[in-house]
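Please open the structure in a viewer and keep the selection tool at hand.

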Amino acid sequence: MSIATVDIAPLAEADALAPVLLTVEEAARCLRIGRTTCYALIRTGELESLTIGGLRRVPADAPAAYLAQRRAEQRAA
């Protein structure tokens, strides 16, 4: 099961589709980090995000992509 599936599943109703975008708080929960740290990752460009109107949203696959990138960096080191 993916990280996003485990953590955002309770947010969706049983018969609803999985969310395409997460709030910053939801993304932080997926990564098991604080909200401030999540905003710092967004600010540095390490975690992908979008602004829609005045709202900051994180694509649902972005936390997993961030983790994959970090794992690849650590393997290379």
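Predicted model: local features only at pLDDT ≥ 70, side-chain atom pairs only at ≥ 80, totals over all residues.

Residues are numbered from 1 along each chain as its sequence is written, and side-chain values use heavy atoms, with hydrogens and water left out.

**The elements**

Colour the model by secondary structure. The protein has four helices and three strands; helices (H or I, at least four residues) and strands (E, at least two) are DSSP runs, numbered from the N terminus. Read from the N terminus on, the order of the elements is α-β-α-α-β-β-α. Among contacts between residues at least 6 apart in sequence, 43% join residues at least 24 apart; contact means heavy atoms within 4.5 Å.

**The nonpolar core**

Which residues have the most contacts inside the largest nonpolar core? Select C38, I42, L47 and V58, which hold that place in a core of 14 residues. A nonpolar core is a set of buried Ala, Val, Leu, Ile, Met, Phe, Trp, Tyr and Cys residues joined through side-chain atoms within 4.5 Å. The elements giving two or more residues to this core are α2, α3 and α4, and its largest share, five residues, comes from α2. In soluble globular proteins, nonpolar side chains tend to be buried together.

**L47 and V58**

Next, centre the view on L47, in the loop between α3 (35–44) and β2 (50–52). L47 has a relative accessible area of 1% and is therefore buried. Neighbours within four places in sequence aside, L47 is in contact with L31, C38, L41, I42, V58, A62, P63 and Y66. A distance to display is that between the C-alpha atoms of L47 and A27, which are 20 residues apart along the chain and separated by 9.5 Å.

Move on to V58. With neighbours within four places in sequence again left aside, the contacts of V58 include V20, L21, A27, I42, L47 and P63.

**Helix pairs**

Now show α2 (residues 24–31) with α4 (residues 62–76): the two helices pack at an angle of about 40 degrees, with their axes 9 Å apart. Axes are lines fitted to C-alpha atoms, for helices over the stretch in contact, and angles run from 0 to 180 degrees between N-to-C directions. Helices α2 and α4 are therefore oblique to each other; angles under 35 degrees count as roughly parallel, over 145 as roughly antiparallel, 65 to 115 as roughly perpendicular and the rest as oblique. Here A27, C30 and L31 of α2 meet P63, Y66 and L67 of α4.

**R32**

Finish at R32, in the loop between α2 and α3. Is R32 buried or exposed? R32 counts as exposed, because its relative accessibility is 61%. Its phi is near 60 degrees, a positive value in a residue other than glycine.

Note on methods:
Buried < 20%, exposed > 50% of the residue type's maximum accessible area, 1.4 Å probe, protein only.
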